[in-house]
Amino acid sequence: MQVNTVLGPVSTKELGYTLMHEHVMIADRAMRAAWPEWIDLEEFYDYAERYIARGKRHGVQTIVDVTPFQLGRDASVIRNVAERAQINIIAATGFFWAPAIVLCDKSADFMTKMLVRDLEKGMEGTDVKAGAIKCGTSGDALTELDERIFTATVQAHQQTGAPILTHSSSKQGALAQMEFFDRFAGLDHSKIVIGHVGDHDDVDFLESVADAGYLIGEDRLGVDRRHPDQLASETRVENIIALWKRGKLDQIAMAHDASIYIDYWEGKKDLGCPWDMIREFDTEKLEFQFGFISEFVVPRLLAAGMTQADIDQLLIATPRRFFEA
């Protein structure tokens, strides 16, 4: 079985250690067009190569980039990063919850055609084909726009087999997503990650996501190192251990939701061009990055009694199964 990466099709056997929900670059396309200095791409490529190298030292072989076009997805940039860093990157197509005036009158069928084109022909006028579909909600219930987006997502999945990764912002919002997917008879829930449900310190709730057949998005490991108000990574690890003991290990999707570069950075104001915020960062001093799972999470899982086979299930076998549509 093969999956589309930004450098072309790759056998799912070759994906290896896979991070299931990350971002290469979040940089607004309109701002980049209006002010070319918004980001220095050559400097960014050098920085991205160093950033990814730290994850690769721990065995990371594949990154799933889930940046929607509303957050500045750039297929050419993602491809260049993959080439320079020598890593598999699976890019997602999809529409995000953020209201975009261009979508106010677009039907689900119209959006389905756009998604399928990204998956089968290429994104943004390139031959870079998406390998997954991203969709998300921001509230406790689906808006009318959300319903159109989610309908298009399911229809594109049914036409192409591409798996789905979501963004959810609350427990009720995640439940609303699952209730929506339940409307489609025969939909294979094992091809859907309910994103960010690992934010909730409620193992019973996480188990219910797995019992409904979905993958549990434990995909913000380490985010508390950047946002101290988020659920502590120590607690997230304890919840993974609890799910393991309940027999749900093979339904956990692991990642960080880290961005190599993001042009909005909470807590840092008036620093001029956003690129100035990270251009001098020493990637070896960053705690929240693509190596955090290996450096922080895995040792604690092993100390709790997991075997290397269990770790391989989380980081290799489950992602491989997810992409074997």
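**Rings and a helix**

User: Are tyrosine 51 and phenylalanine 290 buried or exposed?
Analyst: Buried means under 20% relative accessible area, exposed over 50% and partly exposed in between (1.4 Å probe, protein chains only). The model is predicted: local features need pLDDT of at least 70, side-chain atom pairs count only at pLDDT 80 or more, and totals for chains, interfaces and linings use all residues. Residues are numbered from 1 along each chain as its sequence is written, and side-chain values use heavy atoms, without hydrogens and water. Tyrosine 51 and phenylalanine 290 are both buried.

User: How many aromatic pairs does a search of the whole structure find?
Analyst: Rings of Phe, Tyr and Trp (its six-membered ring) pair if their centres lie within 6.5 Å; planes under 30 degrees apart are stacked, over 60 edge-to-face, the rest tilted. Searching the whole structure gives a count of eleven.

User: What is the centre to centre distance for tyrosine 51 and phenylalanine 290?
Analyst: Tyrosine 51 sits in helix α2 and phenylalanine 290 in the loop between β11 and α9, 239 residues apart. Helices are DSSP runs of H or I with at least four residues, and strands are E runs of at least two, numbered from the N terminus. With 80 degrees between the planes, the pair is edge-to-face, and its centres are separated by 4.9 Å.

User: Why is the pair of phenylalanine 69 and phenylalanine 95 edge-to-face?
Analyst: Phenylalanine 69 is partly exposed at 34%, while phenylalanine 95 is buried at 7%. The ring centres are 5.8 Å apart, and the pair is edge-to-face because the planes stand at 90 degrees.
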